[in-house]
Amino acid sequence: MKPDLATLKRLLKTDAGADRVVPPAGFTVRLTLFTAAAMAFLAVFALALSLAAGRLADSWGEALARSSTVRISAPAEQMAAQTAAALRVLQTTPGIADARALSDDEQQALLAPWFGPDLPVADLPVPQLIDVIETDAGYDAAGLRLRLSAEVPGAVLDDHTRWRRPLIAAADRLRFLGWVSITLIALATGAMVTLAANAALAANAQVIAVLRLVGATDAYIAGAFVRRFTLRAFGGAATGAALGLVAILLMPSGGETGGFLTGLRFEGWHWIIPLLVPPMAAGVAFLSTQMAARRVLEELA
Amino acid sequence: MLLHNKASRKPGRGGAGVIELENVAYSYGGGELLTDISLKLAPGSFHFLTGPSGAGKTTFLKLCYGALRPTGGHLRLFDRDVTQMDRDAIALARRRIGVVHQDCQFLDHLPVDENVALPLIASGQASPDEQENLAELMTWVGLTNRAHALPPELSGGERQRAALARALILSPEVILADEPTGNVDWEMSQRLLRLLVELNRMGKTIMIATHDLSLIRAAKAQVQARVLRISQRRLQLAGADL
Ligand SMILES: Nc1ncnc2c1ncn2[C@@H]1O[C@H](COP(=O)(O)OP(=O)(O)OP(=O)(O)O)[C@@H](O)[C@H]1O
Ligand SMILES: [Mg+2]
């Protein structure tokens, strides 16, 4: 349905008269207020959940999850041979897309945070690292370990990031479900407001008859109801969203270790998103009341 | 003054009636309640509409202000056929017709003065100027001291006067009043009648549905009024016995 611009304009105009022709605070209007508040509260949580899950999925990125490391600790004279042997094994292992020995410079860069930039890596018995990138299908870790231990005695397979793969899938799913929830919340809000507006319009058939008697147009009558419901939905949603934000601000912070649970908050510009909940609720109420009003006014004609 | 300021608005063009019925029929779904009704309400005319209870007086008036659409024949409001008017057009036409409903019909949650001003509010004409007119009109119908009461707190006569004031606030060309003296004593009915006669002298077209024959007799002493009677589904000119 295309929003009716004339009605929208009238809505934004401060016209106390139009507001007063609808009997004050009926049960249905209070119902709208409460529903909008509850739904906005839920929407803020669903948003926080979605965004946090999204952040988690991003920071545990695919690249990280797909890479593992083979570490070779061997006497200096065997290092090159064992590295070559390990690379051979890795290159013939199904499920491995790429295996690459890190250069001295790269290893030095990795160690620099601990030992400073001047560490003579070549002269020290530091293990050689091989960066392993797996395919989507992945490799059989247990089989690879057996082959490595048979052919390269100094090799250790470190696949610590692999356990994160199902978690990343779960985080992605959680983000998706969060958005599904937000959509459902919007639709449920629309349905509730439609029911409430329908009930209010039907209960006020007499008011509508009087307004028609004195020459009010359908647009004017609809506008009076639409305005009432839109403003209440906005007010309710603003309250609900504010409470939701406070609840999220009050979530105990667990620093780095808390991970997902304490990550349930908004970061940076994402704080703007929950502020959009009240206007969105008002928009949903505007559209649903408008449709309900059109239908009821048609029926009462 | 309020009652004059818009009275110069032109009535229907070319001397045609402001409300014209041509072989109009109406049925609520069962048999026809009204059949083959033709009438031209000339601008400035004064009509009474009588007939037994249930004859269809209220129905006839509802046709005249577009609340019901004829099920047969042609009905023109201000020279426009109602079949060609959508609800918005009907709403606009209704601002030129002041209606005193049989059971008044107010918004019970708004005080009397706002109810009287409702046609102004609903047509977006509420302004300080009109505030003055409203006060004047409230005085004219003698409701100044009841302006802030709620409609359910009014007496029957006060309700009728408030309904009349509301019908007049937009300075309409036509006034259709359904039993405007239904709930009031003789004295009050004479006062209301004098108000309507005065309005007619200002050029307004008036039609009053009533079964109060004494009211009709009293009116005939003051204005030239035609008396119509609905009888056996048809509209007839009542005899001179009235
Ligand atoms: N909405 C409606 N649906 C069906 N029948 C109706 C409806 N309104 C009125 N009627 C019937 O139509 C007939 C005429 O009603 P109307 O109100 O026009 O009579 P009236 O002449 O004004 O009577 P009264 O003098 O008692 O006011 C009545 O028999 C009434 O029951
Ligand atoms: Mg009647």
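Biologist: What should helix α7 of chain B span, and how far apart are its end C-alpha atoms?

Modeller: Helix α7 covers residues 186-201 of chain B, and its 16 residues should span 22 Å at 1.5 Å a residue. The expected span is 1.5 Å times one less than the number of residues. The end C-alpha atoms are 22 Å apart, so the value agrees. Helices here are DSSP runs of H or I with at least four residues, strands are E runs of at least two, and both are numbered from the N terminus.

Biologist: Good to know! What should I keep in mind about the model itself?

Modeller: This is a predicted model, in which local features need pLDDT of at least 70, side-chain atom pairs count only at pLDDT 80 or more, and totals for chains, interfaces and linings use all residues, while side-chain values use heavy atoms, without hydrogens and water. Residues are numbered from 1 along each chain as its sequence is written, with chains lettered from A and ligands numbered from 1 in the order in which they are written.

Biologist: Which residues of α7(B) are called buried?

Modeller: Buried means under 20% relative accessible area, exposed means over 50%, and partly exposed lies in between, using a 1.4 Å probe and protein chains only. The buried residues of α7(B) include B:M188, B:L192, B:L196 and B:N200.

Biologist: What makes a set of residues a nonpolar core?

Modeller: The members must be buried Ala, Val, Leu, Ile, Met, Phe, Trp, Tyr or Cys residues, joined through side-chain atoms within 4.5 Å. The largest one has 99 residues, and A:L211, B:F48 and B:V116 have the most contacts inside it. A second, separate core of 35 residues includes A:L213, B:F78, B:A89 and B:V99.

Biologist: Which residues is A:L211 in contact with?

Modeller: Contact means heavy atoms within 4.5 Å. Leaving aside neighbours within four places in sequence, A:L211 is in contact with residues of chain A, among them A:V21 and A:Y220, and also with B:L107 and B:L118.

Biologist: What kind of pair do the rings of B:Y26 and B:Y28 make?

Modeller: Their centres are 5.0 Å apart and their planes stand at 85°, so the pair is edge-to-face. B:Y26 is buried at 8% relative accessible area, but B:Y28 counts as exposed at 52%.

Biologist: How do you know where the charged end of B:R96 sits?

Modeller: A charge sits over a ring if NZ of Lys or CZ of Arg is within 6 Å of the ring centre and within 35 degrees of the ring normal. The charged end of B:R96 sits over the ring of B:F78, 3.9 Å from its centre. B:F78 lies in the loop between β4 (72-77) and β5 (80-81) of chain B and is buried, with a relative accessible area of 10%.

Biologist: What is the phi of B:F78?

Modeller: Although B:F78 is not a glycine, its phi is positive, about 50°. Most residues other than glycine have a negative phi. B:Q232, also not a glycine, has a positive phi near 45°; it lies in the loop between β9 (226-231) and β10 (234-237) of chain B. B:Q232 is exposed at 70%.

Biologist: Is B:I230 buried or exposed?

Modeller: B:I230, in strand β9 of chain B, is buried, with a relative accessible area of 0%. Its C-alpha atom is 9.2 Å from that of B:F60, 170 residues away along the chain.

How values were computed. Rings of Phe, Tyr and Trp (its six-membered ring) pair if their centres lie within 6.5 Å; planes under 30 degrees apart count as stacked, over 60 as edge-to-face and the rest as tilted.
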